[in-house]
Amino acid sequence: MDFTRLFEPQTMVVIGLSLHNERHPGNVIFNKNFFRYPVKTYGVNPKGKAYHSERIFSRISDIPEQIDLAVIAVRAEYVPGVVEECVEAGVGGVAVIAGGFSETGRTDLQERLVEIARRADLPLIGPNCLGIYASGMVDTFFPPTERMVLPNPGKVAIVSQSGGVLVDQMVKFSQQGIGLSKAVSIGNKAIVRELDLLEFLARDEKTGVIAFYLEGFAKNEGREFVLAASRCPKPVIVMKAGKSPGGGRAVSSHTASIAGDYAVFSSVMRQYGIVEARDEYQMVSFCESLSHYPKTVQGNVCIISGSGGHGAVAIDTCSESKLNVPPIPEDIQQGLRDKLSNSIQRIASLGNPIDLTGSATDDDFVTAATELSKIPEIDCLIVLLLPYLPEVTSDVGARLSQVHRVYQKPLVAYVPHVEKYRMIIEGFELNNIPVSHSIEGAVLMVEAMRRYRPC
Amino acid sequence: MLTDEMRAIIDASRERGWVLEPDAKRLLSMAGLDVPRFKWAKSSKEAVTAASEIGYPVVAKIISPNVLHKSDAGGVEVGITDEKRLTEVFKRFKKMEGFEGILIEEILTGTELIIGSKVDEQFGPVILLGIGGIAVEVYMDTAIRMAPLSKADVPSMVSSLEAHSLIEGFRGSKAVNMELLTSTTMKFSELVMDLGEDVTSIDLNPVMCTSRRCTVVDARIIL
């Protein structure tokens with residue numbers, strides 16, 4: 001299956017837009033693409049005529065141009081016929097938004113779709129889905145644009161069986177400053193499934209990290225998925241719904257009883273270096289971290305802070321995540337101490353966590369990050385930055401980012417996310433350094449790298 | 001590869017849904033796993049002869065198609081030191097439902113591990129390795145990997161256990177022979193792949209491990 005025309009369409013058609021109901025999903029999809037995206041957008045309604053000033057075609061074959069993407073928003077029973085027309089018209093891909101298939105017991109209708117699409121080797125997304133969102137290219141999601149929160153274009157692609165979870169993740173990506181390349185809602189996944197998209201996104205130049213919200217695999221499909229993910233040159237992150245055991249199933253062996261569906265899922269993901277997020281917060285932190293640093297670390301962390309309390313909390317959180325916070329060698333400590341500003345030279349603690357105290361300046365943070373980036377005992381830095389310290393300025397984010405550019409040692413920052421600290425946060429983020437709004441989130445970012453195993 | 005004899009054991013057990021312990025041990029032994037010296041005795045006299053060949057003390061276990069969980073049913077007697085006790089145990093087991101004989105076995109000690117497998121719906125055959133014994137589901141200290149295993153998987157499974165020091169040796173106790181544990185688990189993984197979907201799940205529990213041996217003391221193969 002070739003997904004190029006599906007995800008990067010020059011032309012698209014919305015089949016089933018209403019001539020009078022502006023809030024019909026077909027109309028919303030038509031309008032947002034017509035007004036906001038470079039894709040040339042057509043509409044189809046059997047009655048033909050016009051929608052506002054746009055000509056509406058009675059059927060896809062009347063459109064005088066080759067169509068790359070067809071979005072189908074007609075009632076389920078008409079969908080197979082419409083897909084056949086799309087195949088005849090030579091479309092490059094189809095997103096079936098309509099529901100009313102296997103999820104409501106109409107497996108017969110879904111089987112007809114599968115048969116038509118298989119025969120034509122047609123990439124068909126859905127049915128019963130939102131379809132695809134490709135930053136700056138196309139958006140087949142039926143929520144109106146003004147209701148959605150769109151992340152900036154970026155490197156993370158996310159695939160979800162649930163459309164609702166997907167739209168919600170986009171809100172969280174946006175809040176956390178994570179860039180999105182593509183979002184795909186696969187619904188009933190009659191033809192295009194997780195594995196197909198994993199293989200496509202592994203080759204997609206705009207995507208650097210691939211995230212999945214999974215509900216379940218078909219028989220042996222999980223095996224194929226992990227084998228493909230282990231060959232994928234990009235980090236793969238998964239979050240699974242349905243973790244609780246089914247219950248009531250009698251099992252006659254200890255192994256079958258201990259190795260329930262979720263226990264197996266979680267273990268196998270870890271075995272193949274796929275990073276499993278337990279919840280949405282982990283998902284967001286892992287996506288952010290691995291989109292900046294698609295690499296693995298041992299997890300030997302140095303914590304740099306201007307507050308002893310923050311350092312202590314970070315130590316506890318690291319220890320719960322089984323990350324090491326090794327002591328800093330005496331000679332390194334002495335070398336660093338000599339370079340710190342006079343006011344803190346005697347009072348800073350340099351053991352690890354590094355506490356530069358409330359009198360620390362931007363220079364002190366940069367010096368500490370620089371010296372600790374040089375030593376092999378440490379493979380990752382967490383900087384807990386408190387913008388309310390009097391000597392810290394709004395330049396500190398951008399300046400610390402330069403340390404990473406020189407030494408290439410992953411650095412993650414914690415900065416409280418409130419509007420007045422925005423310049424510090426952007427100083428990091430615009431220079432490609434991930435920032436969390438909690439200490440726990442910063443530690444999760446390191447954990448993501450520790451769990452990821454490149455192929 | 002499964003031999004005809006191994007295949008025959010599975011085929012003969014299909015109707016029952018699981019493999020009787022002596023047959024399971026024969027199968028495992030043919031796959032290259034270490035099992036204790038054992039005899040299947042159908043009469044009291046055979047039991048006495050078997051025990052003296054193996055050497056006291058011995059273990060006696062019920063063999064019955066009706067008893068899948070032998071210890072739960074009171075069908076295991078450990079530490080039988082003489083003929084008199086053995087004869088008594090034989091009499092008691094004989095009254096149990098579906099009695100087809102008793103299994104007489106040498107007694108082994110060591111660290112009790114579980115090595116198991118199941119065919120998972122989404123991922124196919126998986127292997128479990130962990131702290132075994134009768135309290136296996138109390139401790140729940142196990143590692144799971146998709147089969148077939150690679151050699152590096154076994155040490156990584158062991159080190160991921162909470163109680164890994166029980167295996168690696170602590171406070172002067174001798175460590176389990178990691179090379180033997182690795183080869184035992186690898187041979188098991190191969191067997192599981194060969195059996196494929198013919199088998200639903202397997203418990204080798206306990207596998208008694210010392211610095212010199214890794215021996216499958218009990219085996220349950222569910223078809």
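**Helix packing, a buried helix and the chain interface**

Helix H3 (residues 79-88) of chain A packs against helix H4 (residues 107-120) of chain A at an angle of about 10 degrees, with the axes 9 Å apart. Axes are lines fitted to C-alpha atoms over the stretch in contact, and angles run from 0 to 180 degrees between N-to-C directions. H3(A) is therefore roughly parallel to H4(A) (angles under 35 degrees). The model is predicted: local features need pLDDT of at least 70 and side-chain atom pairs pLDDT 80 or more, while totals for chains, interfaces and linings use all residues. Residues are numbered from 1 along each chain, and chains are lettered from A in the order in which they are written.

H3(A) contributes Val79(A), Pro80(A), Val83(A), Glu84(A) and Val87(A) to the contact (C-beta atoms, placed from the backbone, within 7 Å). Among the H4(A) residues in the contact are Leu109(A), Arg112(A) and Leu113(A).

Helix H10 (residues 280-292) of chain A has 13 residues, which should span 18 Å at 1.5 Å a residue (1.5 Å times one less than the number of residues). Its end C-alpha atoms are 19 Å apart, which agrees. Ten of the 13 residues of H10(A) are buried, so the helix is largely enclosed by the rest of the structure. Buried means 20 or more other C-beta atoms, placed from the backbone, within 10 Å of a residue's own. Phe286(A), Glu288(A) and His292(A) are among the buried residues.

Between the chains, 26 residues of chain B are in contact with 21 residues of chain A.

Notes:
Two residues are in contact if their C-beta atoms, placed from the backbone, lie within 7 Å. Helices (H or I, at least four residues) and strands (E, at least two) are DSSP runs, numbered from the N terminus. Angles under 35 degrees count as roughly parallel, over 145 as roughly antiparallel, 65 to 115 as roughly perpendicular and the rest as oblique. A residue is buried if 20 or more other C-beta atoms lie within 10 Å of its own, exposed if 12 or fewer, and partly exposed in between; C-beta atoms are placed from the backbone.
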